[in-house]
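Good morning, colleagues. Please take a moment to look at the sequence and the model on the screen, and I shall then take you through selected parts.

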Amino acid sequence: MIARGIMLGPDQPVILHMLDIEPAAEALNGVKMELIDAAFPLLKGVVATTDVVEACKDVNIAVMVGGFPRKEGMERKDVMSKNVSIYKAQASALEKHAAPNCKVLVVANPANTNALILKEFAPSIPAKNITCLTRLDHNRAMGQISERLKVHVSDVKNVIIWGNHSSTQYPDVNHATVTTSKGEKPVREAVADDNWLNTEFITTVQQRGAAIIKARKLSSALSAASSACDHIRDWVLGTPKGTWVSMGVYSDGSYGIPEGLIYSFPVTCEKGEWSIVKGLKVDEFSRAKMDATAEELAEEKTLAYSCLN
Ligand code: LMR
């Protein structure tokens, strides 16, 4: 997708740097061979390496997909402890070797907390350049609304994912609209079933990652990759007028969310910078859900720090 221009547009040549661990070196080289064989006009080079320094050298955009997956019998703390060390090491490599204004997108779970650790250990990378992926959840929420209303997904806009990329995230449709033959309508009005929107819709989006794993016996791949491209494309090239997207970003205290957490907010992007959409009305139902996911992030942060000590 990146080599085809889906991430940075059809006119932007790219050099791909791919990092994997030593046991995967041969498979990684196979991927490099395939990239060469595909003869992508935009692909100006491929670096396939197991050396983190070589991988990070002068990169402008870093998509962090590597993490230790939870395996049977592992406690949450064990996974956190492995990932915190991975992100600490990669943060130092990015800090030392990436281009000064490198934009970072963390995809690997626990994505928000991995991004926070990366931020802490790469202090010279501006906090606004470190984000995590909740666009996948945002796209899933649009997909559910489009299925329910039998409209095309591109007619649904301005859903919001608040908080953690986990089952406590809050998919919010209170400001979302849908374009119908009679013009633009609030999603709540078009769906006309608050009970569904406040229960099943929310849990379906929250549990979608788990549902994919159950069905495929593997984590989401295509939708995650496509959403990562959406995230970077909108960040770099801008969000369309009148629409926002969801991104996990360093909280500035907006909407009463404590600073010091990487939390998913509605954002618009222009000239390579995101800004949190301000002034949206938050009702009591939403407040409780937004706070619950913030609390989970605060707990993850404490756990991550305890792993570091
Ligand atoms: C997803 O949302 O699809 C993934 O984050 C699920 C997972 O745990 O890998």
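A residue is called buried here if 20 or more other C-beta atoms lie within 10 Å of its own. By that rule Tyr255 is buried, because 21 C-beta neighbours fall inside 10 Å. Please bear in mind that this is a predicted model.

Let me stay with Tyr255 for a moment. Tyr255 sits in the loop between β11 (245-250) and β12 (262-270). Its phi is near 55 degrees, a positive value in a residue other than glycine. Ala192 also has a positive phi, of about 50 degrees, although Ala192 is not a glycine. Ala192 belongs to the loop between α6 (187-191) and α7 (194-198). Is Ala192 buried or exposed? Ala192 is exposed, because 10 other C-beta atoms lie within 10 Å.

I turn now to the domains. The domain assignment divides the chain into domain 1 (2-132) and domain 2 (134-307). Taken over C-alpha atoms, the centres of domain 1 and domain 2 are 23 Å apart. In the contact between them, 28 residues of domain 1 meet 26 residues of domain 2. On the side of domain 1 that touches domain 2, at least two residues each come from β3, α3, β4 (103-106), α4 (111-120) and β5 (130-132). Which element supplies the largest share of that side? The answer is α4, with seven residues. By class, the residues of this side of domain 1 are 18 nonpolar, six polar and four charged.

Nine of the ten residues of α4 are buried, so the helix is mostly covered by the rule I gave. Among the buried residues of α4 are Asn112, Asn114 and Lys119, as well as Leu116, Ile117 and Leu118. The peptide bond from Asn109 to Pro110 is cis, with omega near -5 degrees.

Asn109 brings us to the ligand. Around the ligand we find Asn109, Leu136, Gly209, Ile212, Ser219, Ser220 and Ala224. This shell has three nonpolar residues, four polar residues and no charged residues. The UniProt record, an unreviewed entry, places the feature "binding site" at Arg70, Arg76, Asn109 and Arg140. Of these positions, Arg70 lies in the loop between β3 (61-64) and α3 (76-97). Arg70 counts as partly exposed, because it has 16 C-beta neighbours inside 10 Å.

Next, a sheet. Three strands form an open, antiparallel sheet in the order β6-β9-β10. β6 (156-157) and β10 (183-186) stand at the edges with a single partner strand each, so one side of each has no neighbour in the sheet. Strand β9 (residues 177-180) pairs with β10 in the antiparallel sense over four bridges. Within this sheet, Val178 stands opposite Lys185 in β10.

Finally, I would point to Tyr305 in helix α11 (residues 284-308). Tyr305 is partly exposed, because 14 other C-beta atoms lie within 10 Å. Between Tyr305 and Ala98 there are 207 residues of separation in sequence and 25 Å in space, C-alpha to C-alpha.

Thank you for your attention.

Notes:
Residues numbered from 1 in each chain as written. Predicted model: local features only at pLDDT ≥ 70, side-chain atom pairs only at ≥ 80, totals over all residues. UniProt positions renumbered as here; feature names shortened; annotations may be inferred. Buried ≥ 20, exposed ≤ 12 C-beta atoms within 10 Å, placed from the backbone. Near = placed C-beta within 6 Å. Nonpolar A, V, L, I, M, F, W, Y, C, P; charged D, E, K, R; others polar. Domains from an automatic or database assignment. Contact = placed C-beta atoms within 7 Å. Pairing = 2+ DSSP bridges.
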